[in-house]
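Subject: Structure for you to look at

Hello,

Here is the structure I promised, with its sequence. Please open it beside this note; my findings follow below.

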Amino acid sequence: MALITTISQRKVMQLIKLANLTKKYGSKTAVDHLNLVLAPGSVIGFLGPNGSGKSTTMKMIISLVRPTFGNVVVDGKTYRDFPEPAKRIGTLIDPSALDKNLTAKQHLSILATAANIPPRRIDEMLQITGLDRVQNKKVKTYSLGMKQRLGVATALLGDPDTVILDEPFNGMDVDGIKWLRGLFKQLAKSGKCVVVSSHLMSEIQAVADRVVIIGQGRLLADMTMDEMNRRSLSSYIYIEANDLDKIKRVLLKKQAIVQPSKSGLKVRNLDAKEIGKIALENQIILHELTKVNPSLEDVFTEITDGKADYVAKGVIMHEKFD
Ligand SMILES: Nc1ncnc2c1ncn2[C@@H]1O[C@H](COP(=O)(O)OP(=O)(O)O)[C@@H](O)[C@H]1O
Ligand SMILES: [Mg+2]
């Protein structure tokens with residue numbers, strides 16, 4: 001695939017650290033003492049409701065907004081202190097900010113010249129983003145989805161170690177969403193850090209390795225997807241069996257928490273392997289044994305209702321990188 005040739009194979013080690021990052025607009029605190037480490041080789045979903053501070057955080061990372069307090073360091077430096085910042089962090093912040101009278105090709109050419117990027121990357125980016133067919137049409141004729149694609153092409157132009165995209169799924173059709181997810185996975189696999197914000201949990205669930213959730217500018221959760229699935233109160237194993245009463249009895253003896261559900265049982269406190277073994281030992285035939293993971297919406301509700309604390313573990317994760 002074309003992308004493989006355009007993703008550099010050099011080892012990516014770039015670390016971005018946000019320390020006590022805070023932004024106040026008058027009496028309104030948009031971002032509130034945010035501590036995060038953005039490490040290479042993963043897709044990080046940056047989630048929160050509208051107005052929770054996602055865009056402001058992203059703008060502070062690339063020095064578009066000055067923090068009121070705290071800072072962001074990229075390998076020990078501030079983003080704007082790098083001589084060629086587009087090769088460090090590529091961004092898509094606002095697709096409507098593109099000059100509408102330029103074509104996609106002109107837009108990328110101007111940026112490539114300004115950032116000292118070889119012109120061959122322009123055609124590669126047009127191809128990767130599927131814009132090669134419309135490269136000579138003016139941006140004002142583009143749909144929002146096409147503008148997003150041009151924004152992605154812009155972000156990737158400098159082959160940066162970190163890619164930060166603010167709500168890139170907005171306006172994308174189903175094919176576009178699928179394509180973007182595949183692209184993010186490929187970028188992360190090549191060692192890059194991909195940070196993708198969204199106010200829709202469902203867009204991120206299928207692609208993120210790690211999720212960072214903020215609310216009112218504050219960190220609510222920071223953990224890998226696996227960890228979140230394990231910790232959530234909404235995770236369980238659903239079973240159906242030939243003798244539900246019997247399996248319920250034996251599972252309860254093994255300290256499981258068992259609840260009736262549909263034509264089966266919801267089981268917590270035991271994993272699928274243990275349940276399968278217990279069924280076999282008791283000569284019970286299982287008709288279904290399914291692991292049910294929470295949706296991010298479930299997790300968000302758990303957090304905001306104060307039912308679960310997801311932040312403590314995130315702090316431990318940070319320490320690994322210090
Ligand atoms: N330039 C600005 N001036 C005043 N308030 C702002 C400005 N930018 C953002 N805000 C406020 O800061 C909060 C966070 O906004 P934002 O970062 O855009 O959130 P999100 O991207 O999560 O929707 C909101 O309450 C918003 O109204
Ligand atoms: Mg925003």
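I start at the ligand. A backbone N or O atom of serine 52 lies 3.1 Å from an oxygen atom of ligand 1. In the side chain of serine 55, an N or O atom is 2.8 Å from an oxygen atom of ligand 1. For threonine 56, a polar side-chain atom lies 2.5 Å from a ligand 1 oxygen. A polar contact here is a pair of N or O atoms within 3.5 Å; within protein, one must be able to donate a hydrogen and the other to accept it, and residues adjacent in sequence count only if both atoms are side-chain atoms. Taken alone, ligand 1 exposes 560 Å², and the protein buries 59% of that. Accessible areas come from the Shrake-Rupley method with a 1.4 Å probe; for residues, only the protein chains shown count as cover.

Some ground rules before the rest. This is a predicted model: local features need pLDDT of at least 70, side-chain atom pairs count only at pLDDT 80 or more, and totals for chains, interfaces and linings use all residues. Residues are numbered from 1 along each chain as its sequence is written, chains are lettered from A and ligands numbered from 1 in the order in which they are written, and side-chain values use heavy atoms, with hydrogens and water left out.

The ligand shell

Which residues surround ligand 1? They are Tyr25, Lys28, Ala30, Pro49, Asn50, Gly51, Ser52, Gly53, Lys54, Ser55 and Thr56. A residue is near a molecule if one of its heavy atoms lies within 4 Å of it. By class, the shell has three nonpolar, six polar and two charged residues. Ala, Val, Leu, Ile, Met, Phe, Trp, Tyr, Cys and Pro count as nonpolar, Asp, Glu, Lys and Arg as charged, and the others, Gly among them, as polar. β2 (28-38) and α2 (54-61) each supply at least two shell residues. α2 gives the most, with three. Helices (H or I, at least four residues) and strands (E, at least two) are DSSP runs, numbered from the N terminus.

α2 and what follows

α2 is largely enclosed by the rest of the structure, because six of its eight residues are buried. Buried means under 20% relative accessible area, exposed over 50%, partly exposed in between (1.4 Å probe, protein chains only). The buried ones are Lys54, Thr56, Thr57, Met58, Met60 and Ile61. After α2 comes serine 63, with a positive phi near 60°. Serine 63 sits in the loop between α2 and β4 (69-74). Its relative accessible area is 24%, so serine 63 is partly exposed.

Glutamine 216 also has a positive phi, near 50°, and is not a glycine. Most residues other than glycine have a negative phi. Glutamine 216 lies in the loop between β8 (210-215) and β9 (218-224). Is glutamine 216 buried or exposed? At 64% relative accessibility, it counts as exposed.

The largest pocket holds about 510 Å³ of space. It is lined by 23 residues; Thr91, Leu92, Leu111, Thr154 and Ala155 lie nearest its centre. β5 (89-92), α3 (104-114) and α5 (144-156) each give two or more residues to this lining. The largest share, four residues, comes from β5. By class, the lining has 16 nonpolar, six polar and one charged residues.

On method: on a 1 Å grid over the protein atoms alone, a pocket is an open set of points where a 1.4 Å probe fits, with protein on both sides within 12 Å along at least five of seven lines; lining residues have an atom within 4 Å of a point. Grid points are joined across faces, edges and corners, and a volume is the space filled by probe spheres set on the points.

Leucine 92 belongs to strand β5. Leucine 92 is buried, at 3% relative accessible area. Its C-alpha atom is 8.5 Å from that of glutamate 167, 75 residues apart along the chain.

The second largest pocket has about 240 Å³ of space. Of its 15 lining residues, Ser235, Tyr236, Ile237, Leu270 and Lys291 are the closest to the centre. Seven lining residues are nonpolar, four polar and four charged.

The whole chain

The protein chain has twelve helices and 13 strands. Of its 322 residues, 50% count as buried. The C-alpha atoms fill a box of roughly 70 × 45 × 35 Å, taken along the principal axes.

Best wishes
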